Amino acid sequence: MYQAGWGRHEIMVEPRGHAMHGYGQWHHRARESRTPLFARALFVRDESGRTLDLCCLDLGYVTHAMRAAACDRLRVRLGDAFDEAAFVLTCTHTHSGPGGCTHDVMYNVVTPGFVTAHLEAVVAATVAAVLHARRTVAPTAIGVAEGAFDERVPVAWNRSLRAYNRNPDVTQRGEAETHLALDRSMHVLSLRRDGNLCALVSLFGVHATCLGSRLDAYDADNKGYAATHAEGALRAAGVRDPVAIFAQATAGDVSPHLHGPGDVARRRELRGAAEVEYAERNGRAQGEHALALLGGAAEEPVTGGIDAVLTYCDFSAIRADAAFTDGETDACTSDPCHGVAFFRGTPIDGPGLPSLAAGVAERIARAVKAQRMRDLHRRQPAEQAYLRRVYAAQGPKDILLEAGTKRMLGAALGDAWIPSFLDPSIAELKRQVRIGAVKGSALVPTVIPLQIVVVGALAVICCPGEFTTVAGRRLVDSVAPELGRRGVRRVLVCTYCNDYMGYTTTREEYAEQCYEGGHTVFGQWQLAAFQTRFVALARELLVPDASRSHDRTTRPKAPPAAELTLRSDLPVPVKRG
């Protein structure tokens, strides 16, 4: 029996015309709120006093700025009772939540800039929810159940089937079988008092993109509607203040929209109120499935102690273990780069660059690469080493943005050939470069958090960013044998944890260069790098905490304060019409 509590707190962010985070579209701005956005938290303490704090936000991403500020405040409030390594901060990945919550440059451009009030609202809600959960502790039994959605339930589809089918370890699927090209299983943790279900945590991977970029309201999307439905059902059953967390598993290549024959026509039918109705329906399906699993007889009890490890790694220079690279001994990551495929977007969930512009960008990217490699001998040794490393790691990616060195199609950001009139985001980025707001700041995170938490015989790999179905499965297959040596029998994946740096695909998927591969920023060996480092982290859990040797001190470098000030609290574009 554990001591556990739960709570939620609304994220009090006002819709003032800032761009929402997710689609990266300048026009996707919040003018109103359709649903509240919440921070939902769970606290668990075992018999030895070890603790776990889990908080899930109705947001599109978690950033280091959020996590660091929340940790600072929780340490002040709780002192030694707070264990940062056992604090998991994740999100639902709704694309209809506030942006401007990172200290890095790129994901703030459309907002525009960093918004102090947004970060403050998120951190305040996170801390309030965690503290509320800790105040409501009582003896609680924990269980876990697993079950797949029936194939006929229209809840999720693979949106990058060509990439998925490149994997040799999957059943090949046709265009009418995209709903089968994913993990349809949901895992649910139950928290019961006196035998009554009072709270739950669901892990199922599907994008929270039922609502498109034409809408202008904050909305928790399908995951938020799932939580509302489940909490309502528990409340109707007499539970006081229930909390239902619907977090993400391997959602990277999984869409809530039909992909296959008739997909474009179907998506066009969903506009405005129809999108909201569909988000509610998709969320209700998830909520009902979670409750049904916990109403069955297949639930397994969770017992045993709590443990956790957390480390940060610089993912711009990791040599992957040959065990995860098909024997390749020189498989390394590189500085982050975004491909043309990323900027092209996804055709159903979130279109980006028009085909003509994307085609031109591809040709220029290939010409830049050819010219650089042809003239390599004329460059300085450091530049030669950089280019060899980047092109070896990035492989077939047509590089549009070198985020590490701040170049676009080979030119410095301020000199990029892409004209500002093509997209207001380009104009804003160039403006920030001109005023000196970008020079010493990271465009995207490179020092990335890795975390594993253990509760009894259950472990959760807490991954930053978005993992595709097969990438997540391979990660579990790599880590599970190590954790099995300490008695762990079930290993799950929770994504969007603790920071956001983009996607992680398998190497085979990466070669297809769909949207997800274009946003796998550290290159074709990125998954292998995650496998290498997570396996090493799992081995730390085989020895007592005092004997562990993993890096506990590295953290991302803060941006220059003067530059962040120049990018902060900028005027919101005036709505036309």
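A cavity is a set of grid points where a 1.4 Å probe fits but cannot get out, and its lining residues have an atom within 4 Å of a point. In this predicted model, the second largest cavity is lined by A365, R366, V368, K369, R372, Y391, K397, D398, I399, E402, L409 and G410. Two elements, α8 (355-374) and β20 (399-402), each give two or more residues to that lining. The most come from α8, which supplies five residues. By class, the lining of the second largest cavity holds six charged, five nonpolar and one polar residue, and the space inside is about 90 Å³.

The count of cavities of 30 Å³ or more comes to five. The largest cavity has a volume of about 250 Å³. It is lined by 17 residues, and L52, L54, L189, V453 and V460 are the closest to its centre. Here the lining has 17 nonpolar residues, no polar and no charged ones. Strands that each supply at least two residues to it include β4 (38-45), β5 (51-57), β10 (185-193) and β11 (196-203), as well as β23 (447-455), β24 (458-462) and β26 (490-494). The largest share, three residues, comes from β24.

Pockets are treated separately, as open sets of points.

The next topic is the aromatic rings. The structure holds ten aromatic pairs. One of them joins Y107 and Y500, with ring centres 5.5 Å apart and planes at 70 degrees; because planes over 60 degrees apart count as edge-to-face, this pair is edge-to-face. The two tyrosines belong to distant parts of the chain, 393 residues apart. Y107 is in the loop between β7 (97-98) and α2 (116-135), and Y500 is in the loop between β26 and β27 (503-504). Buried means under 20% relative accessible area, so Y107 at 12% counts as buried, and Y500 at 7% counts as buried too. Elsewhere, ring pairs link F315, F467, F522, F530 and F534 into a cluster.

Arginine side chains also meet aromatic rings. The charged end of R8 sits over the ring of F38, 4.1 Å from the ring centre. R266 lies over the face of Y278, at 6.0 Å from the centre of that ring.

Notes. Residues numbered from 1 in each chain as written. Predicted model: local features only at pLDDT ≥ 70, side-chain atom pairs only at ≥ 80, totals over all residues. Heavy atoms only, no water. 1 Å grid on protein atoms, 1.4 Å probe; cavity = no way out; pocket = protein on both sides within 12 Å on 5 of 7 lines; lining within 4 Å. Points joined across faces, edges and corners; volume = space filled by probe spheres on them. Helix = DSSP H or I, 4+ residues; strand = E, 2+ residues; numbered from the N terminus. Nonpolar A, V, L, I, M, F, W, Y, C, P; charged D, E, K, R; others polar. Phe/Tyr/Trp six-rings, centres within 6.5 Å; stacked < 30°, edge-to-face > 60°. Buried < 20%, exposed > 50% of the residue type's maximum accessible area, 1.4 Å probe, protein only. Lys NZ or Arg CZ within 6 Å of the ring centre and 35° of its normal.
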